[in-house]
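Please walk me through this protein model, starting with its charged pairs and going on to its ligand and its backbone.

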Amino acid sequence: MEFIDPSLLTYCEDHTSKEDDLLMKITRQTQAKIMMPRMISGHLQGKMLELFTKMQNPKAILEIGTYTGYSGICMARGLRTGGKLITIDINDELETMVRGFFEESGLTSQIDYRLGNALEIIPTLPGPFDMVFIDADKINYRKYYDLIIDKMNSGGIILADNVLWSGKILVEKGQKIDKDTQAILDFNAMIQNDPRVENILLPIRDGVMMARKIQ
Ligand code: SAH
Ligand code: CA
């Protein structure tokens with residue numbers, strides 16, 4: 001499902017700061033060599049993440065779902081001096097490629113790349129976090145949120161990607177709902193009813209839920 005007219009999208013991209021050579025290279029190599037290249041954040045969402053991070057000026061960011069490193073590099077660019085991004089992915093086949101991109105970004109001293117299951121790794125992380133980007137398996141969004149919410153600083157921002165799930169969240173009466181769609185529906189409803197956060201569902205790309213911890 002296209003959420004926005006393609007010519008409007010092109011216009012938006014034409015009025016968004018250009019991707020640099022490294023981000024273009026990551027996109028090219030992801031498309032050429034990696035399964036499901038649609039998962040990469042890309043130009044518009046990457047710049048949004050970078051600018052949000054620069055506004056937040058975080059000391060500690062957690063990313064759940066590194067993939068080929070695009071979104072992680074965008075966020076690491078907005079870290080406070082001396083700040084750290086911890087980014088987790090379960091797919092170790094991407095490791096060499098991703099480490100190479102992190103090297104090229106010049107930010108390796110600020111990026112802590114962990115391979116493994118985020119459900120097992122997050123409980124070992126002390127936090128606190130000023131920003132978290134949830135972008136791994138949709139079925140576990142709720143669990144990730146439960147694992148991180150008490151590790152967020154007040155004013156900390158949680159971003160969760162793909163919360164419109166290509167429009168599948170609009171279910172008609174009597175229609176069968178698959179597990180991932182149900183997980184996203186439950187996640188969005190849970191955030192909407194959580195008094196610990198104020199939130200907005202941004203209709204950017206595949207939908208980004210932004211929730212700010214109130215206290
Ligand atoms: N954030 C990236 C895209 C992430 S794609 C970007 O915007 O460019 C989703 C990633 O989540 C995949 O690389 C997948 O390997 C990872 N993933 C899925 N289940 C996971 C789990 N349980 N723990 C850690 N990573 C997981
Ligand atoms: Ca995503």
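A salt bridge is counted here when a side-chain nitrogen of Lys or Arg lies within 4 Å of a carboxyl oxygen of Asp or Glu. By that rule the count comes to 11 salt bridges. The model is a predicted one, in which local features need pLDDT of at least 70, side-chain atom pairs count only at pLDDT 80 or more, and totals for chains, interfaces and linings use all residues. Residues are numbered from 1 along each chain as its sequence is written, chains are lettered from A and ligands numbered from 1 in the order in which they are written, and side-chain values use heavy atoms, with hydrogens and water left out.

Side chains of opposite charge can pair when their charged atoms come close. R77 and D20 form one such salt bridge, with N and O 2.6 Å apart. R77 belongs to the loop between α4 (70–76) and β2 (84–89) and D20 to the loop between α1 (6–14) and α2 (21–33), so the pair ties together parts that are 57 residues apart in sequence. Helices (H or I, at least four residues) and strands (E, at least two) are DSSP runs, numbered from the N terminus.

Ligand 1 is surrounded by 20 residues, and S41, G65, S71, D89 and D135 are the closest; a residue counts if one of its heavy atoms lies within 4 Å. This shell consists of nine nonpolar, seven polar and four charged residues. In D89, a polar side-chain atom lies 2.6 Å from an oxygen atom of ligand 1. A side-chain N or O atom of N117 is 3.0 Å from a nitrogen atom of the ligand, and a backbone N or O atom of A118 lies 2.9 Å from a ligand nitrogen atom.

Two backbone features remain. Most residues other than glycine have a negative phi, and most peptide bonds are trans. The peptide bond from G127 to P128 is cis, with omega near -10°, and P128 sits in the loop between α6 (118–121) and β4 (129–134). S166 has a positive phi, near 55°, and lies in the loop between β5 (152–161) and α8 (179–192).

How values were computed
Polar contact = N/O pair within 3.5 Å; in protein donor to acceptor, adjacent residues only side chain to side chain. Nonpolar A, V, L, I, M, F, W, Y, C, P; charged D, E, K, R; others polar.
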